[in-house]
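Here is a friendly walk through one protein chain, written for someone who likes to know the cut-offs behind each term. Have the viewer open as you read.

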Amino acid sequence: MDLDAVPITEGPTGLVVVASAEVLARVRDVLAAEYRLQVAATEAQSLDMATAATPAELVVMDLDAQSFTALAQQTAAVQDVTILAMAALAETRDSDTGNHLRRTQHYVRALARKLSVHPRFSAVLTPKNIGMIFKSVPLHDIGKVGLPDRVLLKPGKLTEEEFEIMKTHTTLGRDAIVQAEQAVGVAPDFFTFAKEIAYSHQEKWDGTGYPQGLAGEQIPVSARLMAVADVYDALISRRVYKAAMSHEDAVAIIAQTRGRHFDPDVVDAFVALQDTFHAIAIAFSDTDADLDKKSAYLQTAQIQR
């Protein structure tokens, strides 16, 4: 991503505030580029590197088997870095830290693996799909780059009108991914999960969520997993404006909303995995330095408004 081409404002701490409309367009373009890289990696892997590629194939590509394997690995790494960079850009614009992305990825994967043997989920939660869902999780709030600072960075409670604007981050995120699909002319599986999570992670089991008011099985499985992971992390994480809730209290709150906010079976899996969730939260916990950096950014953004 070429930041030189994006309008920015530099604050007194040296941090930059990126124009959200421009960034949302950049997100779309980079997602399209990421898919092209994914295609290249898939084609490389389909040759099964050293064992499947014939000498003639490697000569045409001007690569030996070892170099070809290294190229495929590098391409896959670029995919992951691109996704995380785009997601981290969205995270810089609100009160979450970058570790939120890492924690929620691992929470969701733990839930997916636990539920992969459940008859209600086994068809969706295959090993391949779990891998794609894991990769998609950091994009869940990518639409926040399209929200105005007066709403996203407001320190107090949102008005009803402001909350309606906040809710549009789900649609903005989904739309950026859809536009990336249109740019490459295909709808790959990875984008399917990314759209589901970005668009539907704020839906509730009883139909009172947003943006569509979906209920029960209408909510995509990936989004149901994300919902539990996102709420748990919000509860147990320190923010510049609030202290962390205890792990035990967070588990109790999620358990109490079983069948209302969350899929009952997903909550049951969460409760069974609560020690795993706690371990992930500790492994990727926010440091004082993380929070100080976030506080400095938010102060700068407030000045810029």
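The sections below go from the whole chain to its core, its cavity and a few local details.

## Ground rules and overview

This is a predicted model, in which local features need pLDDT of at least 70 and side-chain atom pairs count only at pLDDT 80 or more, while totals for chains, interfaces and linings use all residues. Residues are numbered from 1 along each chain as its sequence is written, and side-chain values use heavy atoms, with hydrogens and water left out.

The chain holds 15 helices and 2 strands; these are DSSP runs numbered from the N terminus, with helices being H or I of at least four residues and strands E of at least two. Of the 305 residues, 46% are buried. Here buried is under 20% relative accessible area, exposed is over 50%, and partly exposed is in between, using a 1.4 Å probe and protein chains only. Among contacts between residues at least 6 apart in sequence, 69% join residues at least 24 apart, where contact means heavy atoms within 4.5 Å.

## The nonpolar core

A nonpolar core is a set of buried Ala, Val, Leu, Ile, Met, Phe, Trp, Tyr and Cys residues joined through side-chain atoms within 4.5 Å. The largest one has 45 residues, and those with the most contacts inside it are Tyr 107, Leu 111, Leu 125, Leu 225, Tyr 232 and Phe 270. Helices that each supply at least two of its residues include H5 (99–115), H11 (221–236) and H13 (264–272). H11 gives the most, with 9 residues. Apart from this core lies another of 5 residues, among them Val 151 and Met 166.

## A cavity and its lining

On a 1 Å grid over the protein atoms alone, a cavity is a set of points where a 1.4 Å probe fits but cannot get out, and lining residues have an atom within 4 Å of a point. The count comes to 1 cavity of 30 Å³ or more, and about 60 Å³ of space lies in the largest cavity. Its lining divides into 5 nonpolar, 2 polar and 4 charged residues, and H11 provides the largest share, 3 residues.

Ser 200, Ile 219 and Ala 223 are among the lining residues. Ser 200 sits in helix H10 and counts as buried at 3% relative accessibility. Leaving aside neighbours within four places in sequence, Ser 200 is in contact with Leu 214, Ile 219, Pro 220 and Ala 223. Asp 263 also lines the cavity, and at the start of H13 a side-chain oxygen of Asp 263 reaches to within 2.9 Å of the backbone nitrogen of Asp 265.

## Two loop details

Phe 284 lies in the loop between H14 and helix H15 (288–304) and is partly exposed, with a relative accessible area of 25%. Its C-alpha atom is separated by 8.1 Å from that of His 100, 184 residues apart along the chain. Neighbours within four places aside, Phe 284 is in contact with Asn 99, Arg 102, Arg 103 and His 106.

Pro 211 is in the loop between H10 and H11. The peptide bond leading from Tyr 210 to Pro 211 is cis, with omega near 15°.

How values were computed:
On a 1 Å grid over the protein atoms alone, a cavity is a set of points where a 1.4 Å probe fits but cannot get out, and a pocket is an open set with protein on both sides within 12 Å along at least five of seven lines; lining residues have an atom within 4 Å of a point. Grid points are joined across faces, edges and corners, and a volume is the space filled by probe spheres set on the points. Ala, Val, Leu, Ile, Met, Phe, Trp, Tyr, Cys and Pro count as nonpolar, Asp, Glu, Lys and Arg as charged, and the others, Gly among them, as polar. A polar contact is a pair of N or O atoms within 3.5 Å; within protein, one must be able to donate a hydrogen and the other to accept it, and residues adjacent in sequence count only if both atoms are side-chain atoms.
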